[in-house]
Amino acid sequence: MELIGTATVGSGGQTSIAFTAIPQTYTDLYVVYSTRTSTSSWDPSAFYFNTDTGGNYEMLMLYADANGVGSATNASYLSQYNNWAIFWMQPSVFTANTFGSTSVYIPNYALTAQYKSVSTDNVTENNSATAARQIGAGLWRSNSAINAITLAPYGGTFVEHSTASLYGIASGSDGTTT
């Protein structure tokens, strides 16, 4: 894995985190986020590729919290979002100075002969029963190579010290991932 770039939100917050001009020299991408939003309730995240904010995404999310377990898809309660809402962000009312953690794995991002799939792993942190754990899978219905990734909370902004890092994963000469 090689670090392609890191973004850290400064004072005053910001409405999105974006990685642009992603090199097409890796086999897979891996994105790691540590974020918190300015909203006082659960805030879904828009996660999209290139400039496509349309309805070309499918997702499935499984989650667990103090109320039990459940699932969500584009066809269920996330259908109000045009772009891909693949996980929930850490809201401002959770334990002070804690950030939620998310990782997104994107295999074969540069290929142009297939749709792009992803897997996600997410956790929100809180000193109460409202903390949650989520895993997800998604599909971007496009043959385009991914050259940009944007993450944005729907209802608020990322607060100061939220970070995101993008890694490229190279394949070895024998075809194995290194």
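This is a dialogue on reading a predicted model.

Trainee: What should I know before I start?

Mentor: The model is predicted, so local features need pLDDT of at least 70 and side-chain atom pairs count only at pLDDT 80 or more, while totals for chains, interfaces and linings use all residues. Residues are numbered from 1 along each chain as its sequence is written, and side-chain values use heavy atoms, with hydrogens and water left out.

Trainee: How many strands are in the open sheet, and in what order?

Mentor: Strands are DSSP runs of E with at least two residues, numbered from the N terminus. Two strands pair if DSSP finds at least two bridges between them. Here an open sheet of 8 strands runs in the order S1-S12-S3-S8-S9-S10-S5-S6, with antiparallel pairing. Strand S1 (2-8) and strand S6 (68-73) are the edge strands, each pairing on one side only.

Trainee: How many bridges join S1 to S12, and how many join S3 to S12?

Mentor: S1 and S12 are joined by 6 bridges, and Thr6 has Ser165 in S12 as its bridge partner. S3 and S12 are joined by 7 bridges, with Leu29 opposite Gly168 in S12. On S8, the antiparallel pairing with S3 covers 8 bridges, and Asp28 stands opposite Pro107 there.

Trainee: Why is S12 described as largely enclosed?

Mentor: Buried means under 20% relative accessible area, exposed means over 50%, and partly exposed lies in between (1.4 Å probe, protein chains only). In S12, 5 of the 7 residues are buried, so the strand is largely enclosed by the rest of the structure.

Trainee: How do I read an aromatic pair?

Mentor: A pair of aromatic rings is described by the distance of the centres and the angle of the planes. Rings of Phe, Tyr and Trp (its six-membered ring) pair if their centres lie within 6.5 Å; planes under 30 degrees apart are stacked, over 60 edge-to-face, and the rest tilted. The whole structure has 5 aromatic pairs. Phe49 and Tyr57 make a tilted one, with 6.4 Å centre to centre and 45 degrees between the planes. Phe49 and Trp140 make another tilted pair, at 5.3 Å and 55 degrees. Phe49 lies in strand S4 (residues 43-49) and Trp140 in strand S10 (residues 133-140), so this pair ties together parts that are 91 residues apart in sequence.

Trainee: Are Phe49 and Trp140 buried or exposed?

Mentor: Phe49 is buried, with a relative accessible area of 0%, and Trp140 is buried at 2%.

Trainee: Which residues have the most contacts inside the largest nonpolar core?

Mentor: A nonpolar core is a set of buried Ala, Val, Leu, Ile, Met, Phe, Trp, Tyr and Cys residues joined through side-chain atoms within 4.5 Å. The largest has 26 residues, and those with the most contacts inside it are Ile22, Tyr33, Phe49, Ile106, Ile146 and Ile149. S4 gives the largest share, 4 residues.

Trainee: How do I read a salt bridge?

Mentor: Side chains of opposite charge can pair when their charged atoms come close. The rule is a side-chain nitrogen of Lys or Arg within 4 Å of a carboxyl oxygen of Asp or Glu. The count here is 2 salt bridges. In one of them, Glu58 and Arg141 have their closest N and O atoms 2.6 Å apart. Glu58 is in strand S5 (residues 57-65) and Arg141 in the loop between S10 and S11, 83 residues apart. Glu58 is partly exposed at 37% relative accessibility, and Arg141 is partly exposed at 28%.
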